[in-house]
Amino acid sequence: MTVKVVNKSGQALPYYATELAAGMDVRAAISNPIVLKPLGRALVPTGLFIEIPAGYEVQVRPRSGLAAKKGITVLNAPGTIDADYRGEVCVILVNLSDEEFTIESGERIAQLVLAKHEVIEWEEVSELAESGRGKGGFGSTGAK
């Protein structure tokens, strides 16, 4: 599938690191480093503008290595970029560690995953069909 992109980052476009990878790393495109204090958050620009085909979204997800090693993650994970959005792709990062973290230009900060989605129509009813789970909430499907 082809997705149109305007690249103002000064860096190579995101790419799949392996043949079976689902996500492509996206990089920070900033003129000055951003220091994320513990529990701090920042909106980090990527310099990318994309035109997603109708029926698809791009999900912005954390990088597992950055999260595991540094405690840096995407705050609204997964973030969604809708097909009609034409602004710059930005990533909301949060520092969940107890140490400052500096984001440099070109640093891999998140990954992008193209995902197909359906558009639903609501059918308002007075009751729902029974199921084995019923109204059981969080933790209700575990062994007893």
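Rings of Phe, Tyr and Trp (its six-membered ring) count as a pair if their centres lie within 6.5 Å, and the pair is called stacked with planes under 30 degrees apart, edge-to-face over 60 and tilted for the rest. By this rule, the structure above has zero aromatic pairs. It is a predicted model, in which local features need pLDDT of at least 70, side-chain atom pairs count only at pLDDT 80 or more, and totals for chains, interfaces and linings use all residues. Residues are numbered from 1 along each chain as its sequence is written, and side-chain values use heavy atoms, with hydrogens and water left out.

- Strand E5 covers residues 56-61, and five of its six residues are buried, which means under 20% relative accessible area, while exposed means over 50% and partly exposed lies in between (1.4 Å probe, protein chains only).
- On one flank, E5 is joined to E10 (residues 108-116) by six antiparallel bridges.
- Within that pairing, Gln59 has Val113 of E10 as its bridge partner, and Tyr56 stands opposite Lys116.
- E2 runs antiparallel to E10, and four bridges join them, with Val26 opposite Ala110.
- The two faces of E2 contrast: Met24 and Val26 make up the covered face, whereas Asp25 and Arg27 make up the uncovered one.

**The sheet E1-E4-E8-E6**

- This open sheet also has four strands and antiparallel pairing, in the order E1-E4-E8-E6.
- E1 and E6 are the edge strands, each with a single partner, so one side of each is left without a neighbour in the sheet.
- Neighbouring strands here are turned by 40° against each other on average, direction ignored.
- Four bridges link E1 and E4 in the antiparallel sense, and Asn7 stands opposite Leu48 of E4.

**The nonpolar core**

- The largest nonpolar core has 26 residues, and those with the most contacts inside it are Val44, Val91, Leu93, Ile103 and Ile109; such a core is a set of buried Ala, Val, Leu, Ile, Met, Phe, Trp, Tyr and Cys residues joined through side-chain atoms within 4.5 Å.
- The elements giving two or more residues to this core are E3, E4, E5, E6, E8 (88-95), E9 (101-103) and E10.
- Which element gives the most to this core? E4 does, with four residues.
- Leu93 touches, among others, Leu36, Val44, Ile72, Val74, Ile103 and Ile109, not counting residues up to four places away in sequence; contact means heavy atoms within 4.5 Å.

**Lys8 and its ring**

- Lys8 sits in the loop between E1 (4-7) and E2 (24-27), and the residue is exposed, with a relative accessible area of 63%.
- Lys8 lies over the face of Phe49, at 5.1 Å from the ring centre; a charge sits over a ring if NZ of Lys or CZ of Arg is within 6 Å of the ring centre and within 35 degrees of the ring normal.
- Leaving out residues up to four places away in sequence, Lys8 touches Gly47 and Phe49.
- Lys8 and Glu121 are 38 Å apart in space, C-alpha to C-alpha, and 113 residues apart in sequence.

**Backbone points to check in the loops**

- The peptide bond from Ala77 to Pro78 is cis, with omega near -15°, and Pro78 belongs to the loop between E6 (72-74) and E7.
- Leu39 has a positive phi of about 65° although it is not a glycine.
- Leu39 is found in the loop between E3 (34-36) and E4 (41-51), and is exposed at a relative accessible area of 64%.

Technical notes
Pairing = 2+ DSSP bridges. Axes fitted to C-alpha atoms, helices over the stretch in contact; angles between N-to-C directions.
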